[in-house]
Amino acid sequence: MATQVNNSTFLQATSYGLVSDSTAASSTLDQIKEAFRADHSYDDQNASLIVAVVLNRAEDASSVLNGSWGDRQTAIQEADLWTKYGADATTYTTVENELVSRGAVVLDTDGYVSTPESRTIWIKVDSQAFENIFGTDLHVLKDANDKKIATVWAGSLTLPDSIATEVGGFWVDQNVAAVPVQVGGTGVVLNEGQQGTANYDYGQDKYGVTGTPTAVADYYNYPLNAQNLLTTVETPNIGLVEPQLDDATYELLLKELNGYRTDILNVAPLTEDELVRTQYADGKGYTKSEMTLDVSIVSGAAPTSDMIFYSKLKDDATTFAATQQAIWDEVNKPVVLTSSFSDEVRYIGDSPFSWAYEQLMQDAALRNVTIAMSAGDGGSGQEYANGVTNGRDTHLNQWSLVVSATSLSPINTAVLDSSISTLVTNALNLDPGTLFGLAQSGLKVLPTQLPSLALMEPLGSVAALTEAIWNQYVITNGQMGAQDYSSNYSGSGGVDTTQSIPQYQIDFGLTPVNVSNGKTGRGIPDVAALGGGSMFYYVLYYLQGDPLYSANAGTSSATPMWASLTAQMDAIFKDMGLPNLGYYNDMLYQAAAILPGAFNDVTLGNNISSYYIADKDTPYAIYDQTLDKYIVPTGLGYQSGEGYDLTTGLGTPDGLLLTRALATIANQELYGVDDPVLSSHGTISGTVNTDQTLLVQSTLANGASVSVNGVGAQFQFGGSSSIAWDARLAEKVMQPDFSPDLVRLLDGASQATPGSMQVAAGQEMGMSINNSQAGLYQANDTNDYGFLTWGSSSGGVTVARPVVVAETPLGQDDVNAVVRVRQNGVYDQHLTLYRVDDLSGHIGNLAPGDAGYAAAAAGRAYSTVGGGTVINGPGYGQYGQTEITNVDHGDIIAFSLTSNGQTYWGFSGGNEVVNGQQVTHLWSYGAGTFGFEDTYGGGDRDFNDLLVQLDLISPAGSGLLV
């Protein structure tokens with residue numbers, strides 16, 4: 001007897017979305033032949049397939065996988081991890097014996113991982129064995145030249161009842177997809193010229209500015225680059241999914257890569273033990289630029305990492321086995337894997353194939369391996385001519401870090417780019433609103449201070465005015481040439497509706513919607529980095545080629561850049577006594593919520609590239625030179641915008657700030673003080689955890705009447721300036737290389753006048769804004785870090801503690817903490833940090849504002865490493881940094897500022913009274929970052945006169961982040 005397997009037809013395994021749903025569901029032999037749209041025939045002789053049969057786990061791992069990063073790290077250290085989360089050993093043997101008895105040949109050598117821990121049994125089956133196991137026979141589909149296209153089966157598969165409940169899914173190791181037909185979308189008229197924004201077109205065969213991967217890592221402030229430690233700190237092994245390498249090609253690669261490392265990058269060459277080939281199958285030599293791009297990027301951005309190659313095991317295979325090799329490699333043990341070779345197969349959701357791939361990615365998470373995968377270079381359509389938006393299924397899984405690509409525009413190309421002419425004019429005229437947005441996307445100096453960068457020369461430094469989604473598609477005289485929708489010229493992104501929305505995106509406040517069908521799903525990408533457009537990477541290009549070094553681009557460059565950044569962060573985590581990051585998507589989204597300055601916000605451009613094949617006289621048809629066919633653009637795709645978007649995800653990294661943010665989260669989850677703002681909460685309200693004072697801040701542009709439900713507090717907020725400082729900008733200026741001129745130029749934009757309130761343990765707290773109940777926004781991400789927001793990404797009301805609860809490295813006492821200050825006020829300023837007894841600011845029996853409180857605070861002041869207890873402001877626009885000493889785990893640290901003869905406290909109870917209200921002088925800009933207003937009575941309410949950031953994590957270990 002046999003059990004039918006749902007969603008298991010050949011077309012559902014390989015071609016979902018490329019043919020109609022009904023065709024995919026029935027998948028008859030005639031329908032399959034038609035789906036490949038050529039003069040095909042079937043040959044039933046010598047048909048065979050390699051299939052990975054994947055068993056269920058002995059125990060459900062969902063509680064571990066869906067827990068916090070800290071919970072996962074604790075769980076995966078357990079000695080019996082794979083006894084629990086691998087397959088039951090007896091069941092594994094039973095299933096294996098049943099498969100063999102039905103004619104399967106088990107593959108467990110030469111690169112195939114067939115073990116109870118992996119729950120995988122790789123088998124090779126001929127047509128008879130396939131029928132014995134899966135209930136139908138195999139057929140070889142061939143083209144008119146008698147060349148094999150695919151090995152197929154008709155209809156749905158079954159499994160023998162004896163093993164059906166033990167097998168969760170399977171993977172067919174064959175990389176093939178049908179020729180797409182139009183499944184949606186209608187024609188639109190596209191404008192002439194460059195389709196992207198800030199992707200200056202140098203011509204089809206020309207590149208613009210190039211930088212080495214090291215220079216790009218410098219631009220993105222990678223932590224070891226920023227601290228001049230790139231070649232002195234050992235970073236961990238990085239795995240690379242690459243084509244097969246024969247002996248001669250490997251030797252040539254090693255020689256020429258080392259030439260690039262020594263001649264261009266000025267880093268040490270690699271030995272054969274540091275460029276490792278895990279070669280299990282007869283492979284063909286591969287000299288194209290994809291592999292050389294990967295090894296060049298890692299050489300420049302993580303030069304002390306060993307590189308381990310993992311290859312597909314046969315020419316027409318998917319990367320499933322190669323990825324599995326890396327995950328289970330007990331010899332080389334890569335902790336980061338980068339994969340730019342996405343597969344063509346497109347499986348339907350809720351199928352045995354999607355399940356098997358998800359389980360593979362979950363195994364990586366349980367093995368504490370980070371998997372970075374390229375989103376693809378085909379824009380929103382991903383080069384599938386079906387009229388709608390698409391993605392590469394195997395590179396979109398929620399358990400992998402999906403990376404798209406951007407374009408960086410140096411000033412000398414930006415001034416030539418008509419797509420951003422207004423922006424450039426405004427920037428050069430120092431328009432504050434324009435500069436506010438550019439600073440959020442990574443600009444650190446005035447545009448007039450940016451250097452011009454030479455074309456097609458490797459650069460020792462990279463500088464940019466803007467960053468946009470990479471999109472180099474061009475229409476010229478109603479036609480598309482080499483830079484067309486069927487080619488690799490845009491970073492991909494969108495919504496994969498075969499998956500549900502991951503919890504980390506839900507917690508971040510996202511509901512990604514696919515523009516093609518209105519369905520929700522997993523938003524892609526997660527992050528981005530430079531890929532092409534107005535700037536490229538200068539890398540080893542072709543082995544023994546002409547030129548040997550040249551420009552290259554794509555998500556295939558952005559992905560190893562993120563893998564290299566992860567390796568740098570892993571090395572720093574190790575130095576701090578923390579485990580490596582492993583699967584850390586949820587941490588990235590949380591970092592963007594609590595310390596958004598860790599990302600550059602990419603707000604320019606689109607990735608639109610959806611189309612279908614058409615006849616010449618079809619309305620909207622344009623000629624595609626590469627295809628030599630007419631296509632109809634459907635205009636479906638995604639726009640960049642503020643915050644997370646479906647072109648660049650969270651944005652591009654500010655590596656040093658991101659590492660600090662992630663280390664802060666990791667330390668909190670493993671060693672933190674259990675003291676959230678709310679002890680529990682739903683979607684609109686929660687229970688106050690303890691008595692505390694809270695700042696109340698509005699970022700609503702039009703002002704609001706606010707009622708704090710359950711607490712009884714009422715606030716009337718005016719509107720805030722469109723360029724009032726936010727957390728992203730406030731955190732970015734807390735770097736010594738951020739120009740004082742730019743800081744001063746952005747001075748003076750008013751916030752809505754904040755207030756403060758006292759809340760008590762056990763109170764139920766919600767919020768009504770303009771008489772409508774507001775929902776909590778990102779509460780799961782921020783609650784443990786001292787603040788909560790009611791509202792949305794477009795604005796809301798935040799309550800925040802005016803103190804920092806010290807969560808010291810590894811929970812230690814008597815440590816130093818870094819204090820960074822950026823002055824944007826003109827008065828002399830003097831900052832004091834002092835310890836209080838509770839979250840309402842009491843010192844003994846004294847409350848803020850009581851007689852004797854100032855003297856008590858002075859007695860509790862922390863000393864600085866330079867002596868004394870006062871940190872002086874560095875001067876108007878300037879940056880300063882010091883450390884305070886003797887901080888204990890769990891200390892509650894408060895702030896006071898003396899400016900122009902007046903002292904202002906973080907607790908408004910100690911401040912002056914205006915119109916019957918005590919004035920709030922402190923503003924929270926995310927975890928550990930605050931801004932003071934330094935004028936009596938409230939001044940201009942810009943709350944950036946002195947920015948203060950208390951960093952408890954950077955001094956950990958060797959202090960690599962200080």
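At what angle do helix H17 and helix H18 pack? Helix H17 (residues 421-428) and helix H18 (residues 432-440) pack at an angle of about 105°, and their axes are 8 Å apart. The model is a predicted one, in which local features need pLDDT of at least 70 and side-chain atom pairs count only at pLDDT 80 or more, while totals for chains, interfaces and linings use all residues. Residues are numbered from 1 along each chain as its sequence is written, and side-chain values use heavy atoms, with hydrogens and water left out.

Two packed helices are described by the angle between their axes and the distance between the axes. Here the axes are lines fitted to C-alpha atoms, for helices over the stretch in contact, and the angles run from 0 to 180 degrees between N-to-C directions. Helices (H or I, at least four residues) and strands (E, at least two) are DSSP runs, numbered from the N terminus. Angles under 35 degrees count as roughly parallel, over 145 as roughly antiparallel, 65 to 115 as roughly perpendicular and the rest as oblique. H17 and H18 are therefore roughly perpendicular to each other. Leu423, Asn426 and Ala427 of H17 meet Thr434, Leu435 and Leu438 of H18, where contact means heavy atoms within 4.5 Å. By class, the residues of this contact of H17 with H18 are 4 nonpolar, 2 polar and no charged. In this division Ala, Val, Leu, Ile, Met, Phe, Trp, Tyr, Cys and Pro count as nonpolar, Asp, Glu, Lys and Arg as charged, and the others, Gly among them, as polar.

Helix H21 (residues 585-594) and H22 have axes that come within 9 Å and cross at roughly 105°. On the H21 side, Met587, Leu588, Gln590, Ala591 and Ile594 meet Leu658, Ala661, Leu662, Ile665, Ala666 and Glu669 of H22. The contact of H21 with H22 has 9 nonpolar, 1 polar and 1 charged residues.

The next pair is helix H13 (residues 289-301) and helix H20 (residues 555-576), whose axes come within 9 Å and cross at roughly 30°. H13 and H20 are therefore roughly parallel to each other. H13 contributes Glu290, Leu293, Asp294, Ile297, Val298 and Ala301 to the contact, and H20 contributes Ser556, Ser557, Pro560, Met561, Ser564 and Gln568. The contact of H13 with H20 comprises 6 nonpolar, 4 polar and 2 charged residues.

The structure holds 3 cavities of 30 Å³ or more. On a 1 Å grid over the protein atoms alone, a cavity is a set of points where a 1.4 Å probe fits but cannot get out, and lining residues have an atom within 4 Å of a point. Grid points are joined across faces, edges and corners, and a volume is the space filled by probe spheres set on the points.

The largest cavity has a volume of about 560 Å³. It is lined by 34 residues, of which Thr664, Val804, Ala927, Gly928 and Leu950 are the closest to its centre. Helix H22 (655-671), strand E42 (804-805) and strand E53 (946-951) each supply at least two residues of this lining, and H22 gives the most, with 6 residues. The lining of the largest cavity divides into 17 nonpolar, 9 polar and 8 charged residues.

The second largest cavity holds about 80 Å³ of space. Among the residues that line the second largest cavity are Phe10, Trp153, Trp171 and Phe353. Helix H1 (10-14) and strand E9 (167-172) each supply at least two residues of its lining, and the largest share, 3 residues, comes from H1. This lining has 7 nonpolar, 2 polar and no charged residues.

Some backbone details complete the account. A cis peptide bond joins Ile524 and Pro525, with omega about 0°; Pro525 lies in the loop between strand E22 (522-524) and strand E23 (527-530). A cis peptide bond also joins Asp546 and Pro547, with omega about 5°, and Pro547 is found in the loop between strand E24 (535-540) and strand E25 (549-552). Ser27 has a positive phi of about 50° although it is not a glycine, and Ser27 is in the loop between helix H2 (21-26) and helix H3 (29-35).

Definitions and conventions: On a 1 Å grid over the protein atoms alone, a cavity is a set of points where a 1.4 Å probe fits but cannot get out, and a pocket is an open set with protein on both sides within 12 Å along at least five of seven lines; lining residues have an atom within 4 Å of a point.
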